[in-house]
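This report is meant for a reader who is meeting the structure for the first time. Please keep the sequence and the model in view while reading, and look up each element as it is named.

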Amino acid sequence: MSIDDEAQEPLEPRVGPVPEDDPEFRPYRHPAAGWGAARSVTRFLLEERALVDGPRAIMRMNHENGGFDCPGCAWPDDTKGLHLDICENGIKHVTWEMTRKRVDRDFFAAHAVTELAGWSDYDLENQGRLTEPMVYDAASDHYVPISWKDAFELVGATLRGLDSPNRAAYYTSGRLGNEATFLYQLMARELGTNNLPDCSNMCHEASGRALRASLGTGKGTVDLKDWESADALFILGVNAASNAPRMLTALAEADRRGARIVHVNPLVEAAATRTIVPHEFTDMALFRTTRTSTLNLQPRIGGDMALMRGMAKAVLEKSASDPKALDVAFIDRHTAGFEEYRALCEATPWEELERQSGLSRDDILEAARVYGEADRSIVSWCLGLTQHEHGVDTVREIVNLLLLRGNLGREGAGPSPVRGHSNVQGNRTCGIDHRPTDAFLDRLADACGIDPPREHGLDTVRTIRAMREGTVKVFVGMGGNFALAAPDTAATYAALRSCDLTVQVSTKLNRSHVVHGRAALILPCLGRTEKDHQRRGVQSTSVEDSMSMVHLSVGMKRPASPHLLSEPAIVAGMARAALPDSETPWDWYVEDYDRIRDTMAEALEGFEDFNRRVRLPLGFRIKQPARELVFLTPSGRAEFSSAALPDIVPEPGTLALGTMRSHDQWNTTIYSDNDRYRGVKNLRTLVFMNRADMRERGIADMGPVDITSTAKDGSSRFLTGYTAIPYDIPRGCAAGYMPEMNVLCALGDYSTQSDQPIMKHLKVTVVPAAG
């Protein structure tokens, strides 16, 4: 079987490398991690010629004394002093950053932007590290060198020339450290705008809004020690083996101590079966596997809320004969809205719960039995729950279930959202928020001596719309690959091209550099692995993990180029140029990041005594009031939600499609066209389908198909020449890879609850390919 690359529209250039062989699909039957991961890492190190630097980095990554934080996922560092707290994807991510390949002025002189726009995204990133600032020259259609001074002045002059500060938007991905994050939001607010869209707007916004409404805090309440003592773990909408691989260690340890582990996902992913943890050398030598699941449930896409309510209904029904099924004292003392929620559960028929969840009553009761028998339970989730229209209600339903048995504010229990990007949670904590609270702005004003704007700014979706309409004229991106990560690829491209100026702060060449504004800058920055030399010595930066631990990261390598600047230095350079009369000591801050942290200690609640505490072993945990049973809600209690159960069953002839990453991928960075844990080789333009759905549509195994999405406004979007893969997925459901499938998510297809694009619940039809 071959893939016709020419069939792809120019808007959708290939993301991964061109396959050397025909596509293959063989169901994966092996444990997660183990020797498969070891072979994959070895092969990758050989390909990147990193057999020396790679192992050196492995020995320095995620270590508390002088190490650097993995730039991959946000799973917490091991609390027991593990010397190899690493994973396959983390090693690949670091090695990809440490490449010896360089993208310098000679490269840009040899390749016009129009030519680069036709390259695959894999080929763009695979050229290596950016080495000096570049500016787009429209006359020649090339990027040409520019000095840092002139680059900053171009940014500053453009921002100063805007008729309103709201004509600019300041985006960040989750890779930005806390110190740069704080300076970045300070610059935006001193300029006079809260236009601070970020990747949370596309990923976990629903989690934050739900937890704030239910508990008064936008974060989970558990830490890694709680994971180590829970009796039951419920893992919802998480592909842990690829997105948070170090979770496998926690799952293996939980199984060994007799905890129950329930995975809830339309696809049974590799992490929901068994594993060999690579740093457990005896198990590796003996090929000895450990279970990572005791129960797997496959709801239909979007059916998690019905499952959670069904479990709650079962707990409430059991309480009629067993008073211990509920923690009545906890409910009475710490919650509000229980009776309304009880009535709602009683009024919801089992038949409707089965229909909406796609699970049988027996399946739901079995999950409820596991929950009811556990003294301490944690419920964890990721984007499989949040990127839906009803994502906020679903997360609140999780909290409802936890409250019934008092699984909050005690060891081994509570809600635990899993962030998939290194410091995305820290970005939000340190001020990247288009809807800041008055309390945050008041502290910022007092600490920094500015008068921050109070009007809410633009999130990601509204920023794209505003750029396309011409009301936002400047886009600054700190890290990431906005052009590929955002929904509705055509609309996002048009939006970026409508800007007067786009500024991308990056380590590597990517799609966002060739889809640019009328003027464009590429500003290359240091990577997480590199030493950050400033006037007062080598600097450290801090990051926050998924469980609110804040710790330091110190690079180990010589920078890829002497012309690179750190992210704080780049932010300060732009700020000086844009705010020539500012009293903020930008240069003084950059000389010594401890100075930034001292100001953060005044401005950010929970960061008091920042410089001392962040240097403690493993750093410090930001206090979460709900963990102490202090609820900053209107009632002063944890709030039960009584939201109506949505109808998420697909209409006849349509499928609910969710986008996801392959295993050999990190966000928009593609390492290969393979997806080992799903048995796919040499193919990314695919759709996973239930075989019965394929037969009903006359689609052969590995047959070519066309995919059409229908947006809320009735408009359609298309992908042609994809390959249908028969897979163990519920009827009426389908799945495929982002960023290729982002084109199917219309800009208007975002949740009215969270404003997130609904990339996990697209309405599509799939038919045999025309012609």
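The model is a predicted one, and the description starts with an open sheet of 3 strands, whose order is β21-β22-β23 and whose pairing is antiparallel. Strands β21 and β23 (620-621) are the edge strands of this sheet, and because each has a single partner strand, one side of each is left without a neighbour in the sheet. Helix α8, which covers residues 178-191, packs on the sheet and touches β21 and β22, and its direction makes about 90 degrees with that of β21.

Strands of a sheet pair through backbone hydrogen bonds, in either a parallel or an antiparallel manner. Here strand β22 (residues 549-553) runs antiparallel to β21, to which it is joined by 4 bridges, and within this pairing His-551 of β22 is the bridge partner of Val-543. The two strands β21 and β22 form a hairpin with 4 residues between them, and in its turn Ser-548 has a positive phi of about 70 degrees.

## The six-stranded sheet

Another open sheet is formed by 6 strands in the order β6-β5-β18-β17-β16-β7, and its pairing is mixed. Its edges are β6 (142-145) and β7 (168-172), each of which has a single partner strand, so one side of each is left without a neighbour in the sheet. When direction is ignored, neighbouring strands of this sheet are turned by 20 degrees against each other on average. Within this sheet, strand β16 (residues 474-478) and strand β17 (residues 501-506) pair in the parallel sense over 5 bridges, and Met-478 stands opposite Val-505 in β17.

Two packed helices are described by the angle between their axes and the distance between the axes.

| Helix pair | Axes come within | Crossing angle |
|---|---|---|
| α7 (residues 148-160) and α27 (residues 567-578) | 7 Å | roughly 50 degrees |
| α8 and α27 | 8 Å | roughly 15 degrees |

With its crossing angle of roughly 50 degrees, α7 is oblique to α27, and it passes α27 in a right-handed crossing. The residues that make this contact include Trp-148, Phe-152 and Leu-159 of α7, and Ile-570, Gly-573 and Met-574 of α27. By class, the residues of the contact of α7 with α27 divide into 9 nonpolar, 2 polar and 3 charged.

For α8 and α27, the axes cross at roughly 15 degrees, which makes α8 roughly parallel to α27, and the crossing of these helices is left-handed. In this contact Ala-180, Leu-183, Tyr-184, Met-187 and Leu-191 of α8 meet Glu-567, Pro-568, Val-571, Met-574, Ala-575 and Ala-578 of α27. The contact of α8 with α27 has 10 nonpolar residues, no polar ones and 1 charged residue.

## Two single residues

Where is Pro-415 found? Pro-415 lies in strand β15 (residues 414-417), and because its relative accessibility is 1%, it counts as buried. Leaving aside residues up to four places away in sequence, Pro-415 touches several residues, among them Leu-211, Val-222, Val-379, Trp-381 and Leu-408. From C-alpha to C-alpha, Pro-415 and Ser-377 are 8.9 Å apart in space, while they are 38 residues apart in sequence.

Ala-644 has its place in the loop between β24 (638-639) and β25 (655-660), and with a relative accessibility of 60% it counts as exposed. Not counting residues up to four places away in sequence, Ala-644 touches Met-305 and Arg-309. The C-alpha atoms of Ala-644 and His-513 are separated by 44 Å, and these residues are 131 residues apart along the chain.

Definitions and conventions:
Residues are numbered from 1 along each chain as its sequence is written. This is a predicted model: local features need pLDDT of at least 70, side-chain atom pairs count only at pLDDT 80 or more; totals for chains, interfaces and linings use all residues. Side-chain values use heavy atoms; hydrogens and water are left out. Two strands pair if DSSP finds at least two bridges between them. Axes are lines fitted to C-alpha atoms, for helices over the stretch in contact, and angles run from 0 to 180 degrees between N-to-C directions. Angles under 35 degrees count as roughly parallel, over 145 as roughly antiparallel, 65 to 115 as roughly perpendicular and the rest as oblique. A crossing is left-handed if the near helix is turned anticlockwise from the far one by less than a right angle, and right-handed if clockwise. Contact means heavy atoms within 4.5 Å. Ala, Val, Leu, Ile, Met, Phe, Trp, Tyr, Cys and Pro count as nonpolar, Asp, Glu, Lys and Arg as charged, and the others, Gly among them, as polar. Buried means under 20% relative accessible area, exposed over 50%, partly exposed in between (1.4 Å probe, protein chains only).
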